Amino acid sequence: VEVILARIRRSIELSENRDLIRGTELDQLTGLYNREYFYRYAEQYDLYHREEDTDALVVDINHFRLINERYGKAYADVVLQQLGAGLLAAVKENGGIVCRREADTFQVYCPHREDYESFAEEVTAAASEGLKGRIRTRIGVYSRVDKSIDMERRFDLAKSAADTIRNSFSVSVAVYDNALHEKEVY
């Protein structure tokens, strides 16, 4: 009887530890990975897909502060949840992973693709579904990442690309390239 009780207690402890770990690896609002675990999983992805071209994406919501001010925090939270779900749905079938980096910024690590304009449309439509207006996003892409550089640096480069179209209403996707790098260095 004592052995059985000890095993039951141990099983409960292991279950609680698993729940605790799961709670710390996920963003509470969106259910996506947090940044720290995302980087770990992205590095694991690289280990198993060394020869595959991958892209690092940073997705921001344009003027999210205004959405928050105009409609309130609860509405803004719904926007974040829908955008996170839309991003995950768009890359999950190809094996990509998604995290909420901070506030209204998300990161995506996925196999390389050519057409990010259609990706942006798909994600924007998912984020805007059932809401009071169309949510506009901007996406920075570091295409075919250099796997010799640090994972965090890859996403910093994608963020640099996204920042170049911060106030543009006609462009929603920017790709990091040598010209952008030279401009940054200059």
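In the predicted model, Y71 is partly exposed, with a relative accessible area of 29%. This tyrosine belongs to helix α3. Its side chain forms a polar contact of 3.4 Å with the side chain of R70. Between the C-alpha atoms of Y71 and F119 the distance is 27 Å, at a sequence separation of 48 residues.

Both Y71 and R70 are part of the lining of the largest pocket. The volume of this pocket is about 230 Å³. Rolling a probe the size of a water molecule over the atoms shows where empty space is left. Besides Y71 and R70, the lining comprises N62, H63, L66, I67, Y75, K132, G133, R134, I135 and R136. The largest contribution to the lining comes from helix α3, residues 64-71, which supplies four residues. By residue class, five of the lining residues are nonpolar, three are polar and four are charged.

H63, one of the lining residues, is located in the loop between β1 (54-61) and α3. With a relative accessible area of 39%, H63 is partly exposed. The phi angle of H63 is near 55°, which is positive although the residue is not glycine. Most residues other than glycine have a negative phi, and most peptide bonds are trans. A positive phi is also found at R144, where the value is about 50° and the residue is again not a glycine. R144 sits in the loop between β4 (137-142) and α6. The relative accessibility of R144 is 45%, so R144 is classed as partly exposed.

Helix α6 covers residues 151-163. At 1.5 Å a residue, its 13 residues should span 18 Å, and the C-alpha atoms at its ends are 19 Å apart, in agreement with that expectation. At the start of α6, a side-chain oxygen of D150 comes to within 3.2 Å of the backbone nitrogen of E152. The buried residues of α6 are M151, R154, F155, L157, A158, K159, S160, A161 and A162. The charged residue R154, located in this helix, has a relative accessibility of 4% and therefore counts as buried, the cut-off being under 20%. The side chain of R154 makes a polar contact of 2.8 Å with the side chain of Y109.

Two further positions illustrate contrasting accessibility. A76, in helix α4 (residues 73-92), has a relative accessible area of 1% and is therefore buried. The C-alpha atoms of A76 and S172 are 20 Å apart in space, while the two residues are 96 residues apart in sequence. R50, by contrast, is placed in the loop between α2 (35-48) and β1. Its relative accessibility is 59%, which means that R50 is exposed, the cut-off for this class being over 50%. R50 and V3 are 47 residues apart along the chain, and their C-alpha atoms are separated by 47 Å.

For the protein as a whole, the secondary structure consists of seven helices and five strands. In sequence order these elements follow the pattern α-α-β-α-α-β-β-α-β-α-β-α. The C-alpha trace extends over about 70 × 45 × 30 Å along its principal axes. Of the 186 residues in the protein, 42% are buried.

The mean pLDDT of the protein is 89, and 94% of the residues score at least 70. Confidence is highest in strand β3 (residues 105-111), with a mean of 97. The lowest confidence is found in helix α7 (residues 178-185), where the mean is 72.

Conventions: Residues are numbered from 1 along each chain as its sequence is written. This is a predicted model: local features need pLDDT of at least 70, side-chain atom pairs count only at pLDDT 80 or more; totals for chains, interfaces and linings use all residues. Side-chain values use heavy atoms; hydrogens and water are left out. On a 1 Å grid over the protein atoms alone, a cavity is a set of points where a 1.4 Å probe fits but cannot get out, and a pocket is an open set with protein on both sides within 12 Å along at least five of seven lines; lining residues have an atom within 4 Å of a point. Grid points are joined across faces, edges and corners, and a volume is the space filled by probe spheres set on the points. Helices (H or I, at least four residues) and strands (E, at least two) are DSSP runs, numbered from the N terminus. pLDDT is the predictor's confidence in each residue, from 0 to 100. The expected span of a helix is 1.5 Å times one less than its number of residues. Buried means under 20% relative accessible area, exposed over 50%, partly exposed in between (1.4 Å probe, protein chains only). A polar contact is a pair of N or O atoms within 3.5 Å; within protein, one must be able to donate a hydrogen and the other to accept it, and residues adjacent in sequence count only if both atoms are side-chain atoms.
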